Amino acid sequence: MGASLAEGLRRTGILSYFCGMIVARKKRKENIAEYLIYMWQIEDLIRAARFDIDRIRRTLIDTCEQPEEVRQEITRWYEELIEMMRSEGVMESGHIQLNKNVLINLTDLHLRLLKDPKETVYGALYYKTLPHIIHLRTKSGGIEMPELETCFTALYGYLLLRLQHREVHPETLEAIKQINTYLSYLAAKYREEEG
């Protein structure tokens, strides 16, 4: 990440969003869906920095308005993620097991909620979202992925399009809104379970 990009992010206040560990902990407690999307962003940031902790420190960590000991903890957090990505072979693409486990847990909850006859709202949201999931799968060029991963991939792709200031087709926007509503409800159910 170049100095000019880091400076632009600093001016807009976005850079503090990438202090990493602090935001991740908060999102994990408040909204597991937002946490997962955030962690996918962190994986891509690490890739963009070419797994160079010094570069991450200069452009992201050193700009965090935190005490030095907190910045050191954030540095260790990024170092651990870098090591996970290297050891798990997801340096080019894919997600670390930590993030895959979140999807596994959400999928388990999803299946339990679908089987629960008292969860009519969840079932209705899911079945209203399902046509969008099927449509996204057909557009994916034959890439097979589970339903929830399809939803998260769509949201993440939409986020990237917005960051690039690219136009989004109205049909895609409609799908994203429905998927977001559905995943927000699932995340709320997850938070209820976690207590």
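Me: How are two packed helices described?

Reply: Two packed helices are described by the angle between their axes and by the distance between those axes. In this predicted model, helix H3, residues 32-48, packs with helix H6, residues 97-115, at an angle of about 155 degrees, and their axes are 10 Å apart.

Me: Are H3 and H6 roughly parallel or roughly antiparallel to each other?

Reply: An angle over 145 degrees counts as roughly antiparallel. H3 and H6 are therefore roughly antiparallel to each other. The crossing in which H3 passes H6 is left-handed.

Me: Which residues in H3 and H6 meet?

Reply: From H3 come Ile 32, Tyr 35, Leu 36, Met 39, Trp 40 and Glu 43; from H6 come Leu 98, Asn 99, Val 102, Leu 103 and Leu 106. By class, the residues of this contact are nine nonpolar, one polar and one charged.

Me: At what angle do H6 and H8 cross?

Reply: H6 and helix H8, residues 147-163, cross at roughly 120 degrees, and their axes come within 9 Å. That makes H6 oblique to H8. The crossing of this pair is right-handed.

Me: Which residues in H6 and H8 meet?

Reply: On the H6 side they are Leu 103, Leu 106, Thr 107 and His 110, and on the H8 side Glu 147, Leu 148, Glu 149 and Phe 152. The residues of the contact of H6 with H8 divide into four nonpolar, two polar and two charged. Leu 103 and Leu 106 are also among the H6 residues that meet H3.

Me: His 110 is in that list. Is His 110 buried or exposed?

Reply: Buried means a relative accessible area under 20%. His 110 has 5%, so His 110 is buried. Leaving out residues up to four places away in sequence, His 110 touches Tyr 122, Tyr 126, Glu 147, Leu 148, Tyr 182 and Leu 186.

Me: Why is the pair of Tyr 126 and Tyr 127 edge-to-face?

Reply: Planes over 60 degrees apart count as edge-to-face. The ring planes of Tyr 126 and Tyr 127 stand at 70 degrees, with the centres 4.8 Å apart, so this pair is edge-to-face. The two partners can be read for burial as well. Tyr 126 is buried at a relative accessible area of 5%, whereas Tyr 127, at 54%, counts as exposed.

Me: Which residues form one aromatic cluster with these two?

Reply: The cluster is formed by Tyr 122, Tyr 126, Tyr 127, Tyr 182 and Tyr 185. His 110 touches Tyr 122, Tyr 126 and Tyr 182, among others. Tyr 185 is in turn one of the residues that Glu 119 touches.

Me: Where is Glu 119, and what does it touch?

Reply: Glu 119 is in the loop between H6 and helix H7, residues 120-139. At 15% relative accessibility, Glu 119 counts as buried. Residues up to four places away in sequence aside, Glu 119 touches Leu 113, Tyr 185 and Lys 189.

Me: How many residues apart in sequence are Glu 119 and His 135?

Reply: They are 16 residues apart in sequence, and their C-alpha atoms are 25 Å apart in space. Val 70 is found in helix H5, residues 68-87, and is buried at a relative accessible area of 18%.

Me: What is in contact with Thr 75?

Reply: Thr 75 also lies in helix H5. At 8% relative accessibility, Thr 75 counts as buried. Its contacts, leaving aside neighbours within four places in sequence, are Ile 53, Arg 57 and Ile 61.

Me: What is the phi of Arg 50?

Reply: Arg 50 has a positive phi of about 60 degrees, although it is not a glycine. Phe 51 likewise has a positive phi, near 60 degrees. Arg 50 lies in the loop between H3 and helix H4, residues 53-61, and Phe 51 is placed in the loop between H3 and H4.

Me: Is Arg 50 buried or exposed, and what of Phe 51?

Reply: Arg 50 is exposed, with a relative accessible area of 61%. Phe 51 is buried, with a relative accessible area of 10%.

Methods. Residues numbered from 1 in each chain as written. Predicted model: local features only at pLDDT ≥ 70, side-chain atom pairs only at ≥ 80, totals over all residues. Heavy atoms only, no water. Axes fitted to C-alpha atoms, helices over the stretch in contact; angles between N-to-C directions. Helix = DSSP H or I, 4+ residues; strand = E, 2+ residues; numbered from the N terminus. Parallel < 35°, antiparallel > 145°, perpendicular 65-115°, else oblique. Left-handed = near helix turned anticlockwise from the far one by under 90°. Contact = heavy atoms within 4.5 Å. Nonpolar A, V, L, I, M, F, W, Y, C, P; charged D, E, K, R; others polar. Phe/Tyr/Trp six-rings, centres within 6.5 Å; stacked < 30°, edge-to-face > 60°. Buried < 20%, exposed > 50% of the residue type's maximum accessible area, 1.4 Å probe, protein only.
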